[in-house]
Amino acid sequence: MTTYRDAVRTALQTLLREDPRVFFMGEDVGRYGGPYAVSKGLLEEFGEDRVRDTPLCESTFVGAGIGAALGGMRPIVEVMTVNFSLLALDQVVNNAAVMRHMSGGQFEVPIAVRMATGGGKQIAAQHSHSLENWYAHVPGIKVLAPATVQDAHDMLLAAVEDPDPVFVFEHQMLYGIEGPLDIDSTPPSPWKAAIRRDGADVSLIAYGGSVHKALTAAVELEKEGVSAEVVDLRSLRPLDRDTIIGSVSRTHRAVVIDEAWKTGSLASEISAILAEDAFYELDAPVARVCTLEVPIPYAKHLEEAAIPQVDRIVEAAKRTVGDG
Amino acid sequence: MTLDISRDHALELLRDMIRIRRLEEKSAELYAKQKIRGFLHLYIGEEAVGVGAMHALREDDNIVATYREHGHALVRGIPAGEIMAEMYGKANGCSGGRGGSMHLFSADRRFYGGHAIVGGGMPIAVGLALADKMKAEPRVTACFFGDGATDEGEFHESLNLAALWKLPVLFLCENNEYAMGTALYRHVSDRNIANNPPAYGVPADSVNGMDVVAVERAVHNESELVRETSQPRFLELKTYRFRAHSMYDAELYRSKEEVEEHKKQDPIDSFQERAMSDELITQTDIDAIEADAAEEIAAAVEFAEQGEWEPAEDITRHTYARDLS
């Protein structure tokens, strides 16, 4: 068994060993070993040239990653958390996303950007955001959200290999989880959703940290006689419409779980996809379980109340099957 | 003071300044005829900066420019026809009609764009220089930006990062005294912009940006120092924009007298006068250059007129390497 953190580190090591164009930079990724201890030992193995501690200038080190990608390198940029990535949004939206199109296909930006996301650690309103949907909104970039140890490894490899800018969101509560890691298997396409648990009565559609809550909810539901399927979106842009619609076409009910605020969320997007393309498959209104529309509070009981929890998922699923 | 350059070189410099001036005048005319739409930022008055700098840089160097970049692109070697076609929005434009006036690109010419978010091109220049440094390429990345960009956080961050990592970037500040319509004294606390970079360990100098020979010499010296030392340097080019910020600008923030005063320093007129008094060139040379430029621009307009519109069905092309659908 391997931790999620070690799986990311293994992928980083593989990439740095195998491709001289790859380098890794971000705040505290070198000497400190990474804020989540993901990159421990990489500076010692690969040296200052390829593992770079940056100043605290998110916009400029993300922009420098874009420039280095334009210049033929394969940069992996760690932005400590999504919260700080807001300072780099100009570079993401106005440069990384548009460069290929705006230059008529002459230039490409093969950059991979990793960042931690989500709440759950009582670090309050400025350190607990889930803003994956801001990124997934933008054409020209791709967005991945690995929920499993295997995906944490495979998706980073895929992100670096991809010729387009790829943003990888790692939920901060997942770094310590354990799971199997097979580094020799051929990974499934990172752009496809996965069915993590088969079920017949309702589809629980989630990504990142919420996938685990959905799986726990499915176990609870089973005890009450409700068979829940769990869909792990994996890729947030592009969204795998076929797998989403396929699952709902079997279960005819959907609960979308998203740690973002409900308004304008990916949960809203998925609900709209179901309304557009699976309307006649639905036997009940789509339900969304999202973060309450408040800044994430510090106090434990308040944070828990704000963020989607297993009981809210169970409750929503039971409502859709007419048992709530 | 004599110019101390050859006749051939004097002719080259003059030719390129006149090419830019005539391209820009034609662009303004075509904007009025609605052939060119969107934003159009003219370089008239600032030609000595682009021409001097491009003549000083090497073919293999990288260029990152701003949204006022027609002149840079032209002298860098992007054909006038492809620039004009881009402004028309035609498929034979240098960015396939997707960029327009503010986003001219050329992979062949290592021209990494017209960037239209003020300061946004600076981190990209830092990254290009980082790539070159890691690959041990003896290349300089020349990063153009205006005085307005020095207000932005990315200016300060980029100077710091380039100095910290010893990256071969030449920061070229085209100080035309206005951040759009806000005068220098109203947008910076220290009007001597070259005072800033040394705080980050970046050597800085200023040069008269209306003097093409002075610009060329300064950019040559600075770029070769950047190349030799693999460390960033900063050069302020003091210039002035004779036309409005863009075609939407009513120029209510400055007086006609101020503009007229600066026009006395017109980079083309003043260079012609000096080159003639040095007996490097004659009126016949100037007439020949004007005739060639007129012909080049007319051909460029024809190229743009004849260009095809890209089919709307192809709109998603180049959003990703491969279509996602």
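This is a predicted model: local features need pLDDT of at least 70, side-chain atom pairs count only at pLDDT 80 or more; totals for chains, interfaces and linings use all residues.
Next I checked the core. A317(A) is listed with L204(A), V255(A) and C143(B) as having the most contacts inside the largest nonpolar core, which has 195 residues. Helix α5 of chain B, residues 121–134, gives the most to this core, with nine residues. From chain A, the core draws at least three residues from each of domain 1 (2–179) and domain 2 (194–320). I noted the general point that nonpolar side chains tend to be buried together in soluble globular proteins.

Then I turned to strand β11 of chain A, residues 228–232. Five of its five residues are buried, so the strand is largely enclosed by the rest of the structure. A228(A), V230(A) and D232(A) point one way, E229(A) and V231(A) the other.

Which strands are joined to β11(A)? I found β9(A), residues 194–197, antiparallel with three bridges, and β10(A), residues 202–206, parallel with five. R197(A) stands opposite V230(A); I205(A) stands opposite V231(A). I also logged a right-handed β-α-β unit made by β10(A), helix α9(A) (209–223) and β11(A).

Last, I looked at the chain contact. I read 35 residues of chain A in contact with 35 of chain B. On the chain A side, α3 (58–70), α5 (89–96) and α6 (99–102) each give two or more residues. α3(A) gives the most, with ten. By class, I recorded 14 nonpolar, 16 polar and five charged residues on that side.

How values were computed:
Residues are numbered from 1 along each chain as its sequence is written. Chains are lettered from A and ligands numbered from 1 in the order in which they are written. A nonpolar core is a set of buried Ala, Val, Leu, Ile, Met, Phe, Trp, Tyr and Cys residues joined through C-beta atoms within 7 Å. A residue is buried if 20 or more other C-beta atoms lie within 10 Å of its own, exposed if 12 or fewer, and partly exposed in between; C-beta atoms are placed from the backbone. Helices (H or I, at least four residues) and strands (E, at least two) are DSSP runs, numbered from the N terminus. Domain bounds come from an automatic or database domain assignment. Two residues are in contact if their C-beta atoms, placed from the backbone, lie within 7 Å. Ala, Val, Leu, Ile, Met, Phe, Trp, Tyr, Cys and Pro count as nonpolar, Asp, Glu, Lys and Arg as charged, and the others, Gly among them, as polar. Two strands pair if DSSP finds at least two bridges between them. A crossover is right-handed if, with the strands pointing away from the viewer, the path from the first strand over the helix to the second runs clockwise.
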